[in-house]
Amino acid sequence: MNTLLTQDVEKAAEFIRCGGVVAFPTETVFGLGADVFDADAVAKIFEAKRRPGDNPLIAHIADIGQIGELASEIPETAVRFIGSFFPGPLTLVLSRSERVPDIATAGLDTIGVRMPKFDLARRFIEACGVPVVAPSANLSGRPSPTTWQAVLEDLDGRIDCILQGEPTEIGLESTVVDCTGYIPVLLRQGAVSLAELRAVIPETRESEPDDIATVRSPGLRHKHYSPKADVIIGDLIITADRQPGSAYIGLDNKREAEHFSHAKVCGSVEEYAHSLFEFFRECDRLGIHTIYCEEVDPDGIGAALMDRLRRAAQK
Ligand code: TXA
Ligand code: MG
C-alpha cells in the first residue's frame, strides 16, 4: 500500500469515505482514523497498528450533535463535562448506541467520545461526514506520535494517508473519564487534570485497580509508551564522566544534562510533556540504551506526565 502524505483535508477525508484509514493531527497526539460505522474499515486500524482486539477505540466528533449517533444516553455528569471541556483533550466514556459496531468498542457496551480542539482535526472529521474512531497512530506499544514524521516511521505502507500538520500542542493523550456510573471515574490522566474535573463535579474520583471501569479499560493494562531504551525516573547517577549511550530529559539545569550523550532540558512541565514522546523516539534512532527522566510534581499536566513516565519505565 502506498501511503499518501497530504495537507489537503478533502483528499484525506475522501479515503475515510471510501473505507480507508487516515492518520490526522489533534491537539494531543496524532490519531489513526476510520469511519466508526464501517466495521471493515475499523478492522484495518487494528491490523495496521498490530493492536490487540480487546482494546477499545475513541470516537472523535466535529460537533456536539454527533454524540447522539454514538451514545444511547448522555448522563447529567457528561453534560456538565461537555459544557466545560468540549472541544478539548477530554474523552468521556458513555453507553454506546446500537449503531456502533462491536469491533470499535472491543465488544464493550460503552464508547469513548472526544471532540478535539485542534481546528484542522475538526475540519477533517467534518469533511468525513461521520464520527471517526481513532487510537493513537503508532505501532502498538511504541510511544504515541506527536509529529507526522513519527507516524510515517511506524506506519508507512500500512495506512492509506497521513494528513500532515504541525507537531501536536500537548503531546500526551487525552484524559479519559467514565461517565456511565453515578460518580465519574478518571481512567487515564491527561491535560485536563483531576482538580479541573473536580471543580465541575467534586465527587469525581480516581480509578482503583479492582474497579469495574478499570477492568473494562484494557488500554490501561497493556504496556504503553515505551521506547526501546530502559527508562529510569529520578535518581540521576551523576559522575564526572559523560555516560555514553545514555540520555536525559527533564527540567534540571545543564549541570546534569552535560553528562549525557543526548539531553533535553525543558523550560516548563508543559514543554516536558510536549517533548517526551518525540524525545523517546529520537533516543531510539540514536541507539541510546538508558534514558534518565526527571520526576516532576503531579500537578496539572505533571500528573499525566508522571503516569506516562511510570508506564514507560515498566519492564
Ligand atoms: O488523545 C487521545 O486520546 C488520542 C487522540 C488520537 O484522540 N487517542 C488515543 O487513543 O490515545 P488510544 O486508543 O491510544 O487510547 C484510548 C484509551 C485506551 O486506554 C482505551 O482502553 C481507553 O481509552 N478506552 C477507549 N474506549 C473505552 C471504553 N469504552 N471504556 C473504557 N476505556 C476506553
Ligand atoms: Mg495509544
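Is the crossing of helix 10 and helix 11 left-handed or right-handed? In this predicted model, the crossing of helix 10 and helix 11 is left-handed.

**View 1. Axes of helix 10 and helix 11.** Helix 10 spans residues 269-286 and helix 11 spans residues 301-313. Their axes come within 9 Å and cross at roughly 25 degrees. Angles under 35 degrees count as roughly parallel, so helix 10 is roughly parallel to helix 11.

**View 2. Residues in the contact of helix 10 with helix 11.** From helix 10, the contact is made by Val269, Glu270, Tyr272, Ala273, Leu276, Phe277 and Phe280. Helix 11 contributes Ile301, Gly302, Leu305, Arg308, Leu309 and Ala312. By class, this contact of helix 10 with helix 11 has ten nonpolar residues, one polar residue and two charged residues.

**View 3. Axes of helix 6 and helix 10.** Helix 6, residues 148-155, has an axis that comes within 11 Å of the axis of helix 10. The two axes cross at roughly 50 degrees, and helix 6 and helix 10 are therefore oblique to each other. The crossing in which helix 6 passes helix 10 is left-handed.

**View 4. Residues in the contact of helix 6 with helix 10.** On helix 6, the residues in the contact are Ala150, Glu153 and Asp154. They meet Glu278, Arg281 and Arg285 in helix 10. Sorted by class, the contact of helix 6 with helix 10 has five charged residues, one nonpolar residue and no polar residues.

Methods:
Residues are numbered from 1 along each chain as its sequence is written. Chains are lettered from A and ligands numbered from 1 in the order in which they are written. This is a predicted model: local features need pLDDT of at least 70, side-chain atom pairs count only at pLDDT 80 or more; totals for chains, interfaces and linings use all residues. Side-chain values use heavy atoms; hydrogens and water are left out. Axes are lines fitted to C-alpha atoms, for helices over the stretch in contact, and angles run from 0 to 180 degrees between N-to-C directions. Helices (H or I, at least four residues) and strands (E, at least two) are DSSP runs, numbered from the N terminus. Angles under 35 degrees count as roughly parallel, over 145 as roughly antiparallel, 65 to 115 as roughly perpendicular and the rest as oblique. A crossing is left-handed if the near helix is turned anticlockwise from the far one by less than a right angle, and right-handed if clockwise. Contact means heavy atoms within 4.5 Å. Ala, Val, Leu, Ile, Met, Phe, Trp, Tyr, Cys and Pro count as nonpolar, Asp, Glu, Lys and Arg as charged, and the others, Gly among them, as polar.
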